[in-house]
Structure formats: C-alpha cells, structure tokens
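Reader: Hi, can you walk me through this one? I am new to reading structures.

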Amino acid sequence: MKASDSETQSTEPENTVPPAETTATAETETTKGEAAEVTVEPTLEEQLAAAQAEVGAARERHLRAVADLENFRKRTVREKEELRSYAASRVIEELLPVFDNLGLGVAAAKAPNADMKTLLGGIEMVVTQFKTALEGNGLKQIDPKGGAFDPNLHEALSQQPSSEVPEGHVLNVIRVGYSLNGRLLRPASVVVSGGPAKAESDAPAPADKTVEAG
C-alpha cells in the first residue's frame, strides 16, 4: 500500500503557476500594443489651421525674399553710380594739371616779348602730359603708319599706288585712332597702298588686211 501511494503521488500533475514577473511583463506588452493601436486623427479644424499657418509662413518667406532682392538691386545700382562718379573724378583730377599748364601757355603767348621757341616747347610738354594722363587711364593711340592694314582697327579712306610701301599696308594716317582698355573707341583713318603703279601697255597694232584683186 505504501508503494502504490508513492506511485500515485508521483504521477499527479504538478501545479504550474507562472511567476509574478512573467505575468507583469505580459500585461505591460499588452498595454503598449493597445496604446500603439490607438491613433488620434486631427480634426478638420486642426488640419485647416495647420495649412493656414504653413501658407502664412510661405508668404512671409516670399515677401522677405522679394524685399532682399529689391534691396540688392538698389544697392547694385548705387554702387555702380558711385563707381562711375569716382572714375570720372579720378580722370578729371589727373587732367587738372594739364588744364593749368594750358592756361599758362595762353598767358605766355599773349606776352609782348613772347618767345615762339619757348612757347612751342611748353605746348609740346602739355601735349605729352595730356597723353600720359590719358594712357594712365587705359587709353591707347592707334597710329598704324607703315603697318599692315587691319579692318578691325583701321578705316580705309582711299587707295594710292606707292613704290615704297607694300601693297595692303598703310601709306598715310589721316587721323589716329584710339582704344580704351582693349575696346576700340575710334578707328584710325588711313590711306592704303596699292603697290607700285602698273605701266600702261601699248595698244596692239591693227592687223594688216590683204586685199585680193578681183
């Protein structure tokens, strides 16, 4: 009887109760899942308010960009005008000594005992000074006498024969040209050589006609 009682006790199923920690974890995961499944949809009033706020922000950004562009345009125009004014004042400042020397030359020419040789030397000095001031601001003289004719820089007024200047070269310069910082302001007016004059050939003698007797 004792042996059978022990076998009966060993075959009875054990009471399996889940630990408290396992139960709590399962309940927590279930709560999280339920919270994740619950989503609150915004109402139409909230969606409309959000859209209006976004439109207002976009409009403000647009107005700010337009204002910045207008300010940039005005600033660029102002700087360009200031640069032009400064450049003109610089050239005028360099030409003032030339103007002063021209006045002195006129006063010397009006003197009763004016020396023409001295006056001529003063005029040449003023011309050199004037030319130096202009060259300092990018002006370059175009004087192509004796050089090859360039239609991009020269203006041919006429063509004359010459035995000294090759054909297609500048024979005489009627008016010099000028360029400013590489840009043509005025072409040089020139006379182009046509080469040596060609001798007129003698007219051929008429052929003799033999008249046959009838």
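Author: We can go from the overall fold to the helix, the sheets and a few residues. Keep in mind that this is a predicted model.

Reader: OK. How many helices and strands does the protein chain have?

Author: The protein chain has four helices and six strands. Along the sequence the pattern reads α-α-α-α-β-β-β-β-β-β.

Reader: And what share of the residues counts as buried?

Author: Of the 214 residues in the protein chain, 10% count as buried.

Reader: Now helices. How does the span of α3 compare with what it should be?

Author: Helix α3 covers residues 44-109, which is 66 residues. At 1.5 Å a residue they should span 98 Å. The end C-alpha atoms are 96 Å apart, so the two values agree.

Reader: Where does α3 bend?

Author: At Leu95, by about 30 degrees. A proline, Pro97, follows within four residues.

Reader: On to the strands. What is the order in the sheet with antiparallel pairing?

Author: That open sheet has three strands, in the order β1-β4-β5. The edge strands are β1 (139-142) and β5 (183-186), and each pairs on one side only. On average, neighbouring strands here are turned by 30 degrees against each other, direction ignored.

Reader: How many bridges join β1 to β4?

Author: Four, and the two strands run antiparallel. Strand β4 is residues 177-180. As for facing residues, Gln141 stands opposite Tyr178 in β4.

Reader: What holds strands together in general?

Author: Strands of a sheet pair through backbone hydrogen bonds, either parallel or antiparallel.

Reader: Is Asn181 buried or exposed?

Author: Asn181 counts as exposed, because its relative accessibility is 63% and the cut-off for exposed is over 50%.

Reader: Now the sheet with mixed pairing. What is its order?

Author: The order is β2-β6-β3, again an open sheet of three strands. Strands β2 (154-160) and β3 (170-175) stand at the edges. Each has a single partner strand, so one side of each is left without a neighbour in the sheet.

Reader: Which way do β2 and β6 run, parallel or antiparallel?

Author: Parallel, and six bridges join them. In this pair, Gln160 stands opposite Ser193 in β6.

Reader: Tell me about Ser193. Is it buried or exposed?

Author: Ser193 lies in strand β6, residues 188-193. With 0% relative accessibility, Ser193 counts as buried.

Reader: What else does Ser193 touch?

Author: Leaving out residues up to four places away in sequence, the residues touched by Ser193 include Gln159, Gln160, Ser162, Glu167, Gly168, His169 and Leu171.

Technical notes
Residues numbered from 1 in each chain as written. Predicted model: local features only at pLDDT ≥ 70, side-chain atom pairs only at ≥ 80, totals over all residues. Heavy atoms only, no water. Pairing = 2+ DSSP bridges. Axes fitted to C-alpha atoms, helices over the stretch in contact; angles between N-to-C directions. Expected span 1.5 Å × (residues − 1). Bend = angle between axes of the 7 residues up to and from the residue. Buried < 20%, exposed > 50% of the residue type's maximum accessible area, 1.4 Å probe, protein only. Contact = heavy atoms within 4.5 Å.
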